[in-house]
Amino acid sequence: SSAASDVYKRQVFGTVSVFERDGVYQIYAKSMMEDGIGDLHEQFEQLKAKLEKEGLFEQSHKKIIPLYPNVIGVLTSQTGAVIRDIINVSTRRNPNVYIRLYPVPVQGEGAGEKIAEAIKIMNKNKLADVLILARGGGSLEDLWPFNEEVVARAIYESELPIVSAVGHETDFSISDFVADLRAPTPSAAAEIVVPNIADIIQNLSTYNIRLKNALKKKVELMQMRYEKCMRSRVYTCLLYTSDAADE
């Protein structure tokens, strides 16, 4: 059976009892789900199985995320918390990072085609070193553009590495399986892609100290070898022979 309101439609599963005297029906609900979500789950599993069989999820095809990207491309809505979170996390980790936003619709009819087209344009024009495909949380229906085959194939064909950061940590989409790396949230994607400038400075300082110590030890070792050579009997004999010949 199903129940509806002015805003939402739900499917309610359970049993019905009848009070014959009053002509009243009563529903004992055991479970409830959004109308049509069962069909979406089935479509999701069918497409996932199809693409997995074709090899779109293969680890061997996944590209390495660059350690120090110059330009980070972000495909998401130009308004909302997602892009603000990515910018905030990125600039905190590295104030000099360059983020190139390519605005795309992240839900609704036609969103999948526009996301796929944006991926192709970013690749064709080499507009970034790595791409973040991002969206905040939502229902399966809200996240559906990231479960469309056209988006999955665009990600697979991308020459640029792609990080999929769609929904919350517990949300999984087809784009997560095809992408080169999955981030649990958009903020986590920024943490992964943008190197922390403080860590880089610390590492450089450590390398500088190691280099100085290595050079110091090398000089000390060469000096010890020189002094040992100067004290050796062979060198002393050669020096004595040379002095005698001069006399």
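Visitor: How much accessible surface does the chain have, and what share of it belongs to carbon and sulfur atoms?

Guide: The accessible surface is about 16100 Å², and 54% of it belongs to carbon and sulfur atoms. Such areas come from the Shrake-Rupley method with a 1.4 Å probe, and for residues only the protein chains shown count as cover. Please keep in mind that this is a predicted model: local features need pLDDT of at least 70, side-chain atom pairs count only at pLDDT 80 or more, and totals for chains, interfaces and linings use all residues. Residues are numbered from 1 along each chain as its sequence is written, and side-chain values use heavy atoms, with hydrogens and water left out.

Visitor: Why is S90 called buried?

Guide: Buried means under 20% relative accessible area, exposed over 50%, and partly exposed in between (1.4 Å probe, protein chains only). S90 has a relative accessible area of 1%, so S90 counts as buried. Of the 247 residues of the chain, 32% count as buried.

Visitor: What is S90 in contact with, leaving aside its neighbours within four places in sequence?

Guide: Contact means heavy atoms within 4.5 Å, and with those neighbours set aside S90 is in contact with V97, I99, A190 and V194.

Visitor: What makes a set of residues a nonpolar core?

Guide: Its members are buried Ala, Val, Leu, Ile, Met, Phe, Trp, Tyr and Cys residues joined through side-chain atoms within 4.5 Å. The largest one here has 32 residues, of which L75, L133 and I155 touch the most other members. Another core, of 19 residues, lies apart from it, with I65, I86, V89 and V163 among its members.
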